[in-house]
Amino acid sequence: RIAGVEIKNKADPVFHKNTIHHGKTGGVYIHEKGYGQFIQNKIHSNTYAGVWVTGESDPTLKENEICDGQQGGVYFFGGGRGLLEGNNIYGNALAGIQIRSESNPIIRNNQIHHGQHGGIYVHDSGKGLIENNEIHGNALAGIWITTGV
């Protein structure tokens, strides 16, 4: 099993006010053109990322609490897209948000704080619109952009 929740093949469910936690891998895995709306959920204490978005998937995540992951908070890779808005992302072992490999999300009005790595890490040809976020108290850079951007 990849994650507590797996969405793929154009599935478009709505998750509202759920708790997704202590997954042996990740909390939510959205891939193979998956969609979905995640609103006011708590996603915490997962072994890998709280949320993975890949494979041209395009979910909406609003007003969630994504925290205390043993790796990152939200990980966009492999062409992942989506809207990440109004979330509270904190206390993760790696970047609060990581964007790489042709991913291009919208990151807006989030609080990204007190992570053990950078707040937002963009690398390996990652893209995205990053606007009006409050990023503070992370161990490394608030926003860290490296080669291939």
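Glu56 and Lys33 form a salt bridge, in which the closest N and O atoms are 3.9 Å apart. The term salt bridge denotes a side-chain nitrogen of Lys or Arg within 4 Å of a carboxyl oxygen of Asp or Glu. This pair joins distant parts of the chain, 23 residues apart: Glu56 is in the loop between strand 7 and strand 8 (60-62), and Lys33 is in the loop between strand 4 (26-30) and strand 5 (37-39). Strands (E, at least two residues) are DSSP runs, numbered from the N terminus. Glu56 is partly exposed, with a relative accessible area of 41%, and Lys33 is likewise partly exposed, at 38%. For these terms, buried means under 20% relative accessible area, exposed over 50%, and partly exposed in between (1.4 Å probe, protein chains only).

The model is predicted, and for that reason local features need pLDDT of at least 70 and side-chain atom pairs count only at pLDDT 80 or more, whereas totals for chains, interfaces and linings use all residues. Residues are numbered from 1 along each chain as its sequence is written, and side-chain values use heavy atoms, with hydrogens and water left out.

By the salt-bridge rule, the count comes to 8. One of the residues taking part is Glu85, which forms a salt bridge with Lys62, the closest N and O atoms being 3.6 Å apart. Here too the pair links distant parts of the chain, with Glu85 in strand 11 (residues 83-85) and Lys62 in strand 8, 23 residues apart. Glu85 is buried, with a relative accessible area of 17%, while Lys62 is partly exposed at 31%. Glu85 also forms a salt bridge with Arg108, where the closest N and O atoms are 3.8 Å apart. That pair connects strand 11, which holds Glu85, with strand 14 (residues 106-108), which holds Arg108, again across 23 residues. Arg108 counts as partly exposed, at 22% relative accessibility. A network of salt bridges links Lys62, Glu85, Arg108 and Glu131.

Which kinds of arrangement do the aromatic rings of Tyr29 and Trp52 and of Tyr48 and Trp52 form? A pair of aromatic rings is described by the distance of the centres and the angle of the planes. Rings of Phe, Tyr and Trp (its six-membered ring) pair if their centres lie within 6.5 Å; planes under 30 degrees apart count as stacked, over 60 as edge-to-face and the rest as tilted. The structure holds 5 aromatic pairs. Among them, Tyr29 and Trp52 are edge-to-face, at 5.1 Å centre to centre and 85° between the planes. Tyr29 lies in strand 4 and Trp52 in strand 7, so this pair ties together parts that are 23 residues apart in sequence. Tyr29 counts as buried at 15% relative accessibility, and Trp52 is buried at 13%. Tyr48 and Trp52, by contrast, form a stacked pair, 6.1 Å centre to centre with 25° between the planes. Tyr48 counts as partly exposed, at 33% relative accessibility.

Ser45 counts as buried because its relative accessibility is 17%. Apart from neighbours within four places in sequence, Ser45 is in contact (heavy atoms within 4.5 Å) with His22, Gly23, Cys67, Asp68 and Gly69.

Methods: Helices (H or I, at least four residues) and strands (E, at least two) are DSSP runs, numbered from the N terminus.
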